[in-house]
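The sequence and structure are shown below.

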Amino acid sequence: MIKSKRFIYFIKKILSNKVILYLLSRYTTYFIQLITSIIIAVKLGPFYYGIWGFILLLINYFQIFNFGVSNSIGILMVQYKNDNHKVNDFIKSSFLLIGLLSFIVVIIAFYYYFIGIPFFSKYKIGNLFYFVCLIAIMSYFNFLLLSIYRVKNRLFEIAFFQSIIPLLIFILVFIFQEEILLKSLIGAYLFGHLLSLILFLKGKTLPKNGNVNIRYASIIINKGFYLFIYNLCFYLIIISSKTIISIFYSVEEFGIFTFSYTLANALMLLLEAFSFLVFPKIIDKLNSDNPIIVVNNINVIRTNYVTLAHGFVYLALIFFPLIIKLLPKFHDAYLSLSLLSLTIVLYTNSFGYNTYLLAKNNEKIVSKVSLFSLFLNIIISLLLVYLFKVRFEVLIFAISFSYLFYGYFCIYSGKKRLNYDLSFINIIFDFIPYRLLIPYLFAIFIVLLKEPFLNFFPFFIFIILNFQNLKEILRTIKQIVNRPNLINI
């Protein structure tokens with residue numbers, strides 16, 4: 001009887017914990033996305049999957065060209081959390097800016113109708129581009145509303161928006177295949193964005209008061225411009241590599257790269273769900289003027305986030321050979337999948353310091369670093385393509401170098417503002433401490449050897465070197481589970 005009461009109490013505690021419910025919804029969705037990605041790859045094959053990858057590339061281009069409005073409003077809402085009148089004016093002004101941005105998309109659609117874009121014929125886009133434009137417009141409004149709802153801790157609407165499209169796609173992959181499936185996937189994006197927009201607008205979070213203020217709109221644009229450059233350049237590191245591969249390599253090879261990136265990025269999405277949730281709280285914590293408090297917070301953030309990210313990747317490497325074996329059409333994807341996973345995880349090594357710079361209104365520094373990182377990636381990639389005629393997998397090393405450059409200078413800039421040691425060795429081992437560097441180097445070596453039976457080795461080393469850190473992570477998770485209001489600002 002006592003055990004039964006404890007079990008009921010435990011279930012009630014879980015159901016009343018918004019953090020756990022949100023994370024469960026995200027992880028369930030990510031699992032569905034992973035399974036769906038594999039099914040889509042099988043049903044479409046490399047050719048149609050390459051076309052789908054190009055459509056996603058176009059959607060990504062539109063989404064990152066948002067001029068930082070949604071990113072800016074989220075940070076401004078945290079920084080002015082004690083002035084509701086000003087926050088309401090910022091929100092109303094941001095809607096005006098998103099409306100103007102949507103008008104630009106309409107102009108692009110008219111340009112395509114009257115003049116056309118010849119390169120799109122390679123991927124047989126045709127009239128599907130108009131649907132891409134419509135998706136882009138709805139996504140601008142939805143991501144703005146997402147930023148607002150995130151600061152307000154309205155997790156149900158957020159979870160719905162983040163889950164509805166993957167769930168719709170999951171249903172469709174069991175019904176259609178090849179070209180019909182391709183068109184139905186676009187339909188899922190359209191319908192999912194429409195349902196999310198309706199739900200967001202029906203919510204009671206949006207302010208009834210407040211006015212469109214040109215001065216506040218200017219503040220959003222000024223802050224948003226550098227956040228836009230930062231996000232634009234950072235995401236363009238991957239997207240530029242996708243673009244170069246789409247141009248200089250076959251549709252099938254682009255399909256393999258897209259498939260590899262989709263699976264590799266799925267690993268980071270597990271952590272991104274949590275970082276998305278606590279981002280407003282992190283901004284609030286790192287906004288302190290006490291350098292000791294800031295450094296302690298950065299260390300806690302990095303101990304939890306960066307360590308867990310590396311652990312996920314080393315664990316995933318063990319299962320990659322099995323996934324590839326189950327997908328004979330993508331038997332050449334093992335190397336690109338493994339290298340992309342080890343590359344994407346490098347970005348997490350800058351976490352904490354880049355957030356600190358944003359919290360202290362130093363988005364200009366972060367934007368410059370991401371801009372130079374993008375240039376490095378493009379230059380190195382084009383040199384590899386033109387001078388050495390390399391296989392597309394080799395271009396992944398250009399991404400790795402760009403992430404290394406980005407992480408190093410984010411940490412350098414953060415430490416400089418905090419008046420800490422700026423020596424090269426200190427920054428490198430802050431970027432990737434030896435407890436993470438050793439298993440990382442082993443992982444790279446084993447992947448290049450193409451000996452999958454050795455893939456357990458990096459994870460084994462990681463566990464040994466990070467045992468105490470993993471215990472600290474478990475304590476942090478337990479604390480948040482028991483006290484979900486810790487994420488509120």
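## Contact between helix 3 and helix 8

In this predicted model, Val69, Asn71, Ser72, Ile73, Ile75, Leu76 and Gln79 of helix 3 are in contact with Ile219, Ile220, Lys223, Gly224, Leu227 and Asn231 of helix 8. By residue class, this contact consists of seven nonpolar, five polar and one charged residue.

## Geometry of the crossing

Two packed helices are described by the angle and the distance between their axes. For helix 3 (residues 69–79) and helix 8 (residues 214–248), the axes approach to within 8 Å and cross at roughly 120°. Helix 3 is therefore oblique to helix 8. The crossing of these two helices is right-handed.

Leucine 263 lies in helix 9, which spans residues 251–286. Its relative accessible area is 4%, so leucine 263 is classed as buried, the cut-off being under 20%. Setting aside residues up to four places away in sequence, leucine 263 touches Leu34, Ser37, Ile38, Ile323 and Leu337.

Between leucine 263 and asparagine 127 there are 29 Å in space, C-alpha to C-alpha, and the two are 136 residues apart in sequence.

## Confidence of the model

The chain has a mean pLDDT of 85, with 92% of its residues reaching 70 or more. Confidence is highest in helix 17 (residues 456–465), at a mean of 96, and lowest in helix 1 (residues 2–15), at 58. Where pLDDT is low, the predicted coordinates should not be read in detail.

Conventions:
Residues are numbered from 1 along each chain as its sequence is written. This is a predicted model: local features need pLDDT of at least 70, side-chain atom pairs count only at pLDDT 80 or more; totals for chains, interfaces and linings use all residues. Side-chain values use heavy atoms; hydrogens and water are left out. Axes are lines fitted to C-alpha atoms, for helices over the stretch in contact, and angles run from 0 to 180 degrees between N-to-C directions. Helices (H or I, at least four residues) and strands (E, at least two) are DSSP runs, numbered from the N terminus. Angles under 35 degrees count as roughly parallel, over 145 as roughly antiparallel, 65 to 115 as roughly perpendicular and the rest as oblique. A crossing is left-handed if the near helix is turned anticlockwise from the far one by less than a right angle, and right-handed if clockwise. Contact means heavy atoms within 4.5 Å. Ala, Val, Leu, Ile, Met, Phe, Trp, Tyr, Cys and Pro count as nonpolar, Asp, Glu, Lys and Arg as charged, and the others, Gly among them, as polar. pLDDT is the predictor's confidence in each residue, from 0 to 100. Buried means under 20% relative accessible area, exposed over 50%, partly exposed in between (1.4 Å probe, protein chains only).
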